[in-house]
Amino acid sequence: MPPAAEIRILNRPEDLFEAAAAEFVSLASQAVRNRGRFCVVLAGGNTPKSLYSLLAGPAGNSLPWDKICFFWGDERHVPPDHPDSNYRMAYDAMLSKLPARPENIFRIPAEQSDAKVAASAYEQTLNEFFHLQAGAFPRFDLILLGMGPDGHTASLFPGTSALHEKDRLAVANWVENFKTFRITLTLPVLNQSACVIFLVSGDDKASALREVFEEMGEPLPAKLVRPLDGRLLWLVDRAAAGALSTTAGIPRIL
Ligand code: 6PG
């Protein structure tokens, strides 16, 4: 049985990002101390930008950035310099301001005209980096995730084929709503992680968050993320927690 999920409700978005930065620094410092490196999967979208900016500032000063290896949970089917690129968002907000080693930055090659080729190439990168045996999944030290108002996470959208992928590490996932492919890590990879931290901010996420935590129907994609042998932490702000029927048992960090 996976360990119970932790949920912390932070009063303001800035409190959420400070808490996330503290977790990142703690996990990264411990991983480098114990294993000589920290392998982290970055989330895309808008929410993590504030965390990445914090880490690019004084909050990240103590970190051995040259020993941190960066991956992405998903990518839009665009080149790395495109305004929608998750790689570009993280690069502009954080990586361009840090002494991270270029050889430790493993972006998804989403400039490939065929998204399936991009996904296969990323799988190859993971297989080689982690020296995976056939059928094995990489174990990241930390996977950062966001959640959309529809309960998607990474590029695992409700009703899409990638949700049912049990063997692949990364796939091209057709998202009908956007009429485009996305490249995404699969649930087996997310659930192999030593730690997953969701960052959820804003009242537009409140309905999906309630569904994840309180509904028993068909689970939303974000609810399917439960590390088999790892920590699951939801960092949410008060606006995103606004529809939870009871938060009595939930530690609030005010
Ligand atoms: C992406 C992300 C996606 C994101 C959610 C939330 O490529 O957009 O990987 O899963 O985390 O859509 O996005 P916001 O943080 O912008 O609300």
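This passage walks through the overall build of the chain, its nonpolar core, its aromatic pairs and a few residues worth a look.

The model is predicted, so the values here are all computed from its atoms. Start with the whole chain. DSSP finds 6 helices and 10 strands in the chain. Along the principal axes, the C-alpha atoms fill a box of roughly 45 × 40 × 40 Å. How does the radius of gyration fit with a compact globule? For 254 residues, such a globule would come out near 18 Å, and the chain has 17 Å, which agrees. Contacts tell us about the fold too: of those in the chain with a separation of 6 or more, 76% are between residues 24 or more positions apart.

Of the 254 residues, 52% count as buried. The chain still exposes about 11,200 Å², and carbon and sulfur atoms supply 51% of that area.

Now for the inside. In soluble globular proteins, nonpolar side chains tend to be buried together. Here, the largest nonpolar core has 88 residues. Helix α1 gives the most to this core, with 11 residues. The residues with the most contacts inside the core are F24, F38, Y52, F70, F71, F140 and W234.

Two of those names, F24 and F38, turn up again among the aromatic rings. The count comes to 16 aromatic pairs. F24 and F38 form one that is edge-to-face, with 5.4 Å from centre to centre and 85° between the planes. What does this pair tie together? F24 sits in helix α1 (residues 13-35) and F38 in strand β2 (residues 38-42), so the pair links parts that are 14 residues apart in sequence. Leaving out residues up to four places away in sequence, F38 touches F24, L27, A28, A31, V32, K67, I68, C69, D141 and L142.

Other rings join up as well. F71, F106, F129, F130 and F140 are linked into a cluster by ring pairs. A charge gets involved with a ring elsewhere: R107 lies over the face of Y87, at 5.8 Å from the ring centre.

Most residues other than glycine have a negative phi. Is each one buried or exposed? H131 is exposed, at 67% relative accessibility, whereas A154 is buried, at 12%.

Last up is K49, which belongs to helix α2 (residues 48-55). K49 counts as partly exposed because its relative accessibility is 37%, and that falls between the 20% and 50% cut-offs. The C-alpha atoms of K49 and A90 are separated by 7.0 Å, although the two residues are 41 residues apart along the chain. K49 also touches M89 and A93, again not counting residues up to four places away in sequence.

Notes: Residues are numbered from 1 along each chain as its sequence is written. This is a predicted model: local features need pLDDT of at least 70, side-chain atom pairs count only at pLDDT 80 or more; totals for chains, interfaces and linings use all residues. Side-chain values use heavy atoms; hydrogens and water are left out. Rings of Phe, Tyr and Trp (its six-membered ring) pair if their centres lie within 6.5 Å; planes under 30 degrees apart count as stacked, over 60 as edge-to-face and the rest as tilted. Helices (H or I, at least four residues) and strands (E, at least two) are DSSP runs, numbered from the N terminus. A charge sits over a ring if NZ of Lys or CZ of Arg is within 6 Å of the ring centre and within 35 degrees of the ring normal. The radius of gyration is taken over C-alpha atoms; the globule rule is 2.2 Å times the number of residues to the power 0.38. Buried means under 20% relative accessible area, exposed over 50%, partly exposed in between (1.4 Å probe, protein chains only). Contact means heavy atoms within 4.5 Å. Accessible areas come from the Shrake-Rupley method with a 1.4 Å probe; for residues, only the protein chains shown count as cover. A nonpolar core is a set of buried Ala, Val, Leu, Ile, Met, Phe, Trp, Tyr and Cys residues joined through side-chain atoms within 4.5 Å.
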